[in-house]
Amino acid sequence: RSIDYIGNVETTKMETINLDKTPPIISITSPLFGKYEHYMIVGIKFVTYDDISMVYRNAVYLDGRLYDFDQIDFLDLSLGLHTLRVESENYAGLVATALVDFEVTVTATGLNSLIRRFYETSEIDNVGILNSLIQRLEAAQSKIERNQSEAAKNILAAFIDILNAQSGKHISTSATHIIKLDLAYLMDSL
């Protein structure tokens with residue numbers, strides 16, 4: 001209470017102050033926990049909510065590094081496990097974190113889609129070579145589905161021969177490198 005110079009006393013006033021002790025709520029909707037093929041591009045989607053202090057900032061981290069994009073091109077990632085972390089801070093300075101783990105993997109079907117993606121981006125520039133690679137992948141997939149791993153590996157070895165013969169000619173060297181890494185991963189899984 002305050003008193004002025006002639007002795008008037010201020011009436012007591014009460015104010016209610018809401019003190020926020022709760023950090024924001026985060027819900028990651030994409031990517032989700034699970035496996036994703038190496039050729040895929042997936043949007044990053046999440047929702048943050050704080051009804052008292054309101055959300056001040058959000059930050060996204062991929063494998064511990066700040067990630068400033070709204071989608072993930074899995075070709076930019078190595079095969080294996082990865083973590084997406086979303087951090088949200090409210091105006092009260094309270095921070096929340098949500099994580100999602102996912103795995104980047106390769107299947108014969110996914111490798112087929114990768115080959116088509118490289119054709120669409122002109123990394124493979126000859127439709128005849130594209131069709132030859134796809135035919136071999138489909139034959140390998142058929143053998144894999146019948147649990148004929150050795151036969152599938154032999155077909156994939158012929159696939160590698162085509163890849164080597166066309167690398168730097170009708171298949172870019174960077175596409176060749178990625179395809180070979182994916183093939184090695186696939187063959188190791190058989």
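Modeller: Fine. Keep in mind that this is a predicted model. Among what covers the buried residues of H2 are helix H1 (108-120) and helix H3 (149-166).

Biologist: Which residues of H2 are buried?

Modeller: Ile-129, Leu-130, Ser-132, Leu-133, Ile-134, Leu-137, Ala-140 and Gln-141.

Biologist: What span should H2 have, and how far apart are its end C-alpha atoms?

Modeller: H2 runs over residues 127-145, which is 19 residues. At 1.5 Å a residue the span should be 27 Å, and the end C-alpha atoms are 27 Å apart, so the two agree.

Biologist: What caps the N-terminal end of H2?

Modeller: Asn-126 does, with a side-chain oxygen 2.8 Å from the backbone nitrogen of Gly-128. After the helix comes Asn-147, which has a positive phi, near 60°.

Biologist: How do H1 and H2 pack, parallel or antiparallel?

Modeller: Roughly antiparallel. Their axes cross at roughly 170° and come within 9 Å. An angle over 145 degrees counts as roughly antiparallel, which is why the pair gets that label.

Biologist: Which residues make the contact?

Modeller: On the H1 side they are Ala-108, Thr-109, Leu-111, Asn-112, Ile-115, Arg-116 and Tyr-119. H2 contributes Val-127, Leu-130, Leu-133, Ile-134, Leu-137, Glu-138, Gln-141 and Ile-144. By class that makes 10 nonpolar, three polar and two charged residues.

Biologist: How far is Ala-152 from Thr-83?

Modeller: The two are 32 Å apart in space, C-alpha to C-alpha, and 69 residues apart in sequence.

Biologist: Now the backbone. Where is the cis peptide bond?

Modeller: Between Ser-30 and Pro-31, with omega about 0°. Ser-30 belongs to strand S1 (residues 25-30), while Pro-31 is in the loop between S1 and strand S2 (34-37).

Biologist: What does the side chain of Ser-30 reach?

Modeller: The backbone oxygen of Gly-43, at 2.6 Å. Ser-30 counts as buried because its relative accessible area is 13%. Beyond its neighbours within four places in sequence, it is in contact with Val-42, Gly-43, Ile-44, Lys-45 and Leu-84.

Biologist: I'd also like the positive phi values. What is phi at Met-54, and what is it at Ser-122?

Modeller: Met-54 has about 70° and Ser-122 about 65°; neither is a glycine. Most residues other than glycine have a negative phi, and most peptide bonds are trans.

Biologist: Where is Met-54 found, and where is Ser-122 found?

Modeller: Met-54 is in the loop between strand S4 (45-49) and strand S5 (55-62). Met-54 is partly exposed, at 46% relative accessible area. Ser-122 is in the loop between H1 and H2, and its 55% relative accessibility makes it exposed.

Technical notes
Residues numbered from 1 in each chain as written. Predicted model: local features only at pLDDT ≥ 70, side-chain atom pairs only at ≥ 80, totals over all residues. Heavy atoms only, no water. Helix = DSSP H or I, 4+ residues; strand = E, 2+ residues; numbered from the N terminus. Expected span 1.5 Å × (residues − 1). Buried < 20%, exposed > 50% of the residue type's maximum accessible area, 1.4 Å probe, protein only. Contact = heavy atoms within 4.5 Å. Polar contact = N/O pair within 3.5 Å; in protein donor to acceptor, adjacent residues only side chain to side chain. Axes fitted to C-alpha atoms, helices over the stretch in contact; angles between N-to-C directions. Parallel < 35°, antiparallel > 145°, perpendicular 65-115°, else oblique. Nonpolar A, V, L, I, M, F, W, Y, C, P; charged D, E, K, R; others polar.
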